[in-house]
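Me: I have a model open on my screen and would like to walk through it with you. Could we take it one question at a time?

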Amino acid sequence: MSGKSDVKRKNEEERDQLTGILKKSMAEERIASRMRERRGGTLFLCDVDHMRRINEQYGHQTGDECLNRVAQILSYMISPNDILGRWGGDEFIIFMPECQDMGQAQEICQRIRDRFHAGKGKEKGRIQLSLTVVWEQQKMGDTYQKLFKRACEKLEQQKGIQDIANEESKKRKDYYTADVRRVKEELTEQIQKQEAYCQDYETFKCIYRFLERGIARSGYKACAILLTVVDGQGKSPLPYEKEVLMEQLGEDIGTTLRIGDVYTRYSSSQYLLLVIDTTERQADRIVDRIRERFVEGRQGEDVLIHHCYELRAARNVRVIG
């Protein structure tokens, strides 16, 4: 029993309690011992990106689970002769004595980065992790402290480059976000009255054609209505009466149509309406309401006549010539 207790106690002294890999002190001791054999090797430093943000957003328990997952993945990627330890809170250290070629070191470094990148989007509900990884090869006369210092400086440099890149990315994002806000403010209409949308004829035509293009995709219905003011004999009113009648009719149209509908003055005695999500039968009822408003309280014989049709999806026309 005492033998098992001794092994357990020794294991607890050497291993990191959270991840189960070597503690910093034990990893450094073993690396230094291996380096004294003067056989060469490569030291890798791995830093988990955005660990502070993970702890703040999801809590330290989730952060610990992430660190444990990183340690597990790294342990799968090393050979029995390699040394893996937890060097700091979110940093890991690996020494590979058999890696003595620069090309091989660079390949291993990239393989570690890719291993975490490849997992993105595959595990639902898991936080996607990324690592910053640098390497430094043992040189003649190196102690562990010298080798580690060079690797640490390289890691700080790499993290600094990433911080600058992240800051520039944030500035660009803020810049574009400001643009979006400005565009939204410029385009959004400040509606003063709950009335239909009165526009000049050219703008009306652009809206009409936009709807024509979208009908095939959206499935919406829309109707165009032409309203004409005539006198009791079916003729155009006298000029001095016409403007008064057309001004009144414009007000009646604006208050009768819905806020999403559009209308325009088409001629001296006509209005053109574009009513959305409406069939021809419904358009007839809309005109009846406008007509009731128009003739209400008036003694004249002027009347409204109308024609309407449903919009159809725009079609491509081949031009020959």
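This is a predicted model: local features need pLDDT of at least 70, side-chain atom pairs count only at pLDDT 80 or more; totals for chains, interfaces and linings use all residues.

Me: Is His50 buried, partly exposed or exposed?

Reply: Residues are numbered from 1 along each chain as its sequence is written, and side-chain values use heavy atoms, leaving out hydrogens and water. Buried means under 20% relative accessible area, exposed over 50%, and partly exposed in between (1.4 Å probe, protein chains only). His50 has a relative accessible area of 40%, so His50 is partly exposed.

Me: What is the phi of His50?

Reply: Most residues other than glycine have a negative phi. His50 sits in the loop between strand 1 and helix 3 (51-58); helices (H or I, at least four residues) and strands (E, at least two) are DSSP runs, numbered from the N terminus. Although His50 is not a glycine, its phi is positive, about 60°.

Me: Where is Asp277 found?

Reply: Asp277 is another residue other than glycine with a positive phi, near 55°. Asp277 is exposed, with a relative accessible area of 51%. Its place is the loop between strand 8 (270-276) and helix 9 (280-295).

Me: Which residue is the bridge partner of Phe44 in strand 3?

Reply: Two strands pair if DSSP finds at least two bridges between them. Strand 1 (residues 42-48) and strand 3 (residues 91-96) pair in the antiparallel sense over 6 bridges. In strand 3, Phe44 has as its bridge partner Ile94.
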